[in-house]
Amino acid sequence: MELQYIFYIGATPENVWNTLVSPEGTRSTFFGAALNTTLEPGAAFQYVGPGNDGDETVHVYGTILQAVPGKVLSYLEHPGASYRDNHADLESRVTFTLEPVGGCTKLTLTNDQWTPGHPSFANAKEHWWMILSSIKTYAETGKTLDFGW
């Protein structure tokens with residue numbers, strides 16, 4: 001199973017990168033969750049924000065595989081403990097690749113290496129469109145999308 005999305009964003013790769021990793025960028029584009037990590041390969045990460053367990057809900061967590069500023073961010077992720085009892089057994093890989101194209105950035109997201117029967121696949125398939133649309137809007141305008149939540 002693999003999900004792949006390609007977006008063209010009217011911003012530099014560095015600006016898109018900051019949207020992907022900065023606290024302001026991730027809170028604005030990942031449903032209020034901040035990315036907590038050192039971005040070193042092998043380091044742990046968590047997306048933490050409002051959710052099932054209050055303001056400090058761990059939505060997903062895992063291990064950074066690769067982080068090259070302005071080029072690639074890749075990690076293995078698990079759903080947070082408040083979402084699945086067997087969260088540690090469920091895994092997928094997420095890779096954001098950034099490439100300059102003229103005066104814009106080509107953002108390719110690949111979400112693959114899913115644990116067979118992973119129950120979050122359908123949810124991810126639906127929500128990546130919203131997250132990527134938010135990343136594009138935020139990187140281009142500094143504003144967020146209002147999904148009415």
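Biologist: Which residue in S7 is the bridge partner of Ile-9?

Modeller: Thr-105. Helices (H or I, at least four residues) and strands (E, at least two) are DSSP runs, numbered from the N terminus. Two strands pair if DSSP finds at least two bridges between them. S1 and S7 run antiparallel, joined by 7 bridges. This is a predicted model: local features need pLDDT of at least 70, side-chain atom pairs count only at pLDDT 80 or more, and totals for chains, interfaces and linings use all residues. Residues are numbered from 1 along each chain as its sequence is written, and side-chain values use heavy atoms, leaving out hydrogens and water.

Biologist: Which residues of S1 lie on its covered face, and which on its uncovered one?

Modeller: In a regular strand the side chains alternate between the two faces of the sheet. In S1, Leu-3, Tyr-5, Phe-7 and Ile-9 make the covered face. Gln-4, Ile-6 and Tyr-8 make the uncovered one. Ile-6 is partly exposed, at 43% relative accessible area (buried is under 20%, exposed over 50%, partly exposed in between; 1.4 Å probe, protein chains only).

Biologist: Which residues touch the most other members of the largest nonpolar core?

Modeller: Such a core joins buried Ala, Val, Leu, Ile, Met, Phe, Trp, Tyr and Cys through side-chain atoms within 4.5 Å. Here it has 32 residues, and Tyr-75, Phe-96, Trp-128, Leu-132 and Ile-135 touch the most other members. Elements giving two or more residues include S1 (3-9) and S7 (104-112). H3 gives the most, 7 residues.

Biologist: What is Trp-128 in contact with, beyond four places in sequence?

Modeller: Contact means heavy atoms within 4.5 Å. Among the partners of Trp-128 are Leu-3, Tyr-5, Tyr-75, Phe-96 and Leu-109.
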